[in-house]
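Here's a quick briefing to keep beside the model while you click through it. Have a look at the structure first, then read on.

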Amino acid sequence: MKTSHSIGKPIDRLEGHLKVTGAATYAAEYEVGDLLHGYVVNSTITKGKIIDIDEQAARELPGVIEVFSHNNRSKLPWFDILYADMDAPPGTPFKPLYDENVLYNGQPIALVVAETFETARYAASLIKITYEESKFKTSLLSNLQDSRSPKKGMATVVKPLPPDDKGNFEKAYAAANVTYEGEFNHPPEHHNPLELFATTTVYEGKGKLTVYDKTQGTSNSQLYIANIFGLHYKNVRVIAPFVGGGFGSGLRPQYQLFLCVMASLQLKRNVRVAMDRSQMFTFGHRPPTYQKTKFGASKDGMLTALHHTAIAETSQNEDYNEVVVNWGGMLYPVKNTEFDYKLVSLDIFTPMDMRAPGGSTGMHAIETSMDALSYALNMDPLEFRLLNYSETDESANKPFSSKELKACYQKASEAFGWEQRNPKPRTTKRGQRLVGTGMSSGIWDVIALPGKAKATLNKKGQLKVKSAVTDIGTGTRTIMTQIAADSLGMTLDNVVFEYGDSKMPLAPIQGGSYTTGVIGSAVKAVCEALKKKILKAVKRVEASSFKGATLDDVIFSDNYIKLKKDPNIGFSFQQLVSDNGKKLKASKSNIPNAFKLKKYTRAAHSAAFVEVEVDEQLGTIKVTRAVTAVAAGKIINPKTASSQILGGMIWGIGKALQEETLIDHNLGKYMNTNLGEYHIPVHADINDLEVIFVEEKDDIINELGAKGVGEIGLVSMAPAIANAIYHATGKRINNFPIHFDDLL
Ligand code: MOS
């Protein structure tokens, strides 16, 4: 496509063709010669010790090369810090095959390596393990009495603790004219990206590996492997240009990476280890969370008291924590607040970030409580939100860097036709079905982190910009190409964004919706740096017309540097590099101005409006239509951004109505570890969905003014569905997912 102004245009995903034709290669698909295959043996007990591993039958099977376990693994460091990846919460990271101890059900305890995948898998089934079982606990709700505050510690993204209490909650709540008190339960959810976790290693000689890994951070996997196995990080190259979905599951290196690398180093061979779908349920997950709210308002509809507490599960070895209860105070100006967030250690794998971690959990409780208060006040739910709208974050006493939530409410409610609803619950019908409409606000943090990029302009007049960042399906490759092209006044076809390779400039793990802001700003910055080099070079090769010109005197457009005062005088980048004799290069880090940013609350916002139909006899629920409006600063590419929001809305349908991992607490084991029984929305569940982006200008958050859109679409959707179900049926069901039998 020929254009120098691609930002804001719905450019097709550049790798779309590769993906739909199967030409894009994923971690388990690289053609590597002389490849061995590993299959993981997982613990069938929940807690205890391995007494014996009978490997004989497996080892006798032709084609089996080795069986690894804690008995014969290579020497490993015992320092926790060497196992701590960029997303490790406080505590002791899990160390695969470390010793005989079993910490959770499904723990990897052996790896069978064979000539073929099938041989390895069959051999794994022949291994007999004798355990000594000990008592365990896996139920959050039965162990709430053991809740305690989370440990503080380092992580890439520091998650704030709940804000301090303000005013006098008890007194204000007692004096409120209307109150709502609610309890909310969320189940565990497992990330189920289409691509299974897999690693392929190429053994390059002593201490040197090329690693194809499924990950949301090539640098993260690289440093993790180098630290644990004592390799120089330059000798570990992690490659992941295509990632078949992540949703947070790839923010930490998973155990197949560790096992694959261990086998490869020990056997000095190329190895592949891929998980199967049920093994995708043997590591991180969204933690089950128990929440309580107590909201109070005056009779004129002003919120006066807000209490929100959450208790979530974590593992015995790490304190995974997320921001669940902080959002209500950020959104609504309430004088009397009380917040608390606690954890219960259970015998499970450490939970991990899943799309809108904490936000999608907490906002369900907050926006349900708001909805309930609006009905108690006999006030329209939207009007109630507008009445309590705050231009500043009163919980932190800070202004927002920008907040166009009001525009979200207006645009989405108009498109939805909110005014036409009959406000009385259980009054609107369509044949046998009760019809309900509901709405919710959404909020998600804008996180600032450092990022780095390199840029090269070559003899073909082609710009190459590099970052180690991944593209987990979000459109990163496309939007970075757009940002680079626009920054340097180039057409998209002359720009290549190279990424997904740890050899490239260091990038943080891709998550938190921050990649556009973080890497996008680095890409912009490196192009600005390159402009200076271009100007210098043009003066070298064409001294006369550009003599004395500064950056203010020139423009960069259509792959040319031109004089502002006479744009007919220009020099093409291609000619320039050719005359210059060598490539032009720049490297630049984008370091956020923490001092400036600290003065503001930085958040993206959304508003969702949903219609549901509930079959009066069967209780079945259908989301018939939904509109979500989003204020997320600059939208680089409305097409890929809109796909992000649609994905979030669909996830909202899954979260409210379908997704849950069921655990048998007598066994300590997840029971529905397959896509037949772990329900996620399918095409038949999705009807009319609309995404609207509202204008939002933000000069504070980053160079681009872009907030990111990975998570904000989910936050408001699930509560809006729950509120619509209340409006349809008159029943307030606060435990997710909402099942048809809850409504009978
Ligand atoms: Mo997302 S949970 O930050 O990958």
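The largest cavity in this predicted model holds about 140 Å³ of space. A cavity here is a set of points, on a 1 Å grid over the protein atoms alone, where a 1.4 Å probe fits but cannot get out; points are joined across faces, edges and corners, and the volume is the space filled by probe spheres set on them. Residues are numbered from 1 along each chain as its sequence is written, and side-chain values use heavy atoms, leaving out hydrogens and water. Local features need pLDDT of at least 70 and side-chain atom pairs count only at pLDDT 80 or more, while totals for chains, interfaces and linings use all residues.

**Cavities**
- Searching the whole structure turns up five cavities of 30 Å³ or more.
- The largest cavity has 13 lining residues (those with an atom within 4 Å of a point), and nearest its centre are Phe94, Tyr224, Arg252, Pro253 and Phe349.
- That lining splits into nine nonpolar, one polar and three charged residues; Ala, Val, Leu, Ile, Met, Phe, Trp, Tyr, Cys and Pro count as nonpolar, Asp, Glu, Lys and Arg as charged, and the others, Gly among them, as polar.
- The second largest cavity comes in at about 70 Å³.
- Its lining also counts 13 residues, with Tyr104, Asn105, Ile348, Phe349 and Tyr670 closest to the centre.

**Nonpolar cores**
- A nonpolar core is a set of buried Ala, Val, Leu, Ile, Met, Phe, Trp, Tyr and Cys residues joined through side-chain atoms within 4.5 Å, where buried means under 20% relative accessible area (1.4 Å probe, protein chains only).
- The largest one has 87 residues, and Leu303, Val610, Val612, Met717 and Ile721 have the most contacts inside it.
- A second, separate core of 56 residues includes Leu457, Met504, Ile534 and Phe571.

**Ser487**
- Ser487 lies in helix α11 (residues 476-487); helices are DSSP runs of H or I with at least four residues, strands are E runs of at least two, and both are numbered from the N terminus.
- The residue is buried, at 9% relative accessible area.
- Beyond neighbours within four places in sequence, Ser487 contacts (heavy atoms within 4.5 Å) Lys524, Cys527, Glu528 and Lys531.

**A five-stranded sheet**
- This open sheet runs β17-β18-β26-β27-β30 with mixed pairing; two strands pair if DSSP finds at least two bridges between them.
- β17 (429-430) and β30 (688-693) are the edge strands, each with a single partner, so one side of each has no neighbour in the sheet.
- β17 pairs with β18 (residues 433-445) in the antiparallel sense over two bridges.

Notes:
Buried < 20%, exposed > 50% of the residue type's maximum accessible area, 1.4 Å probe, protein only. 1 Å grid on protein atoms, 1.4 Å probe; cavity = no way out; pocket = protein on both sides within 12 Å on 5 of 7 lines; lining within 4 Å.
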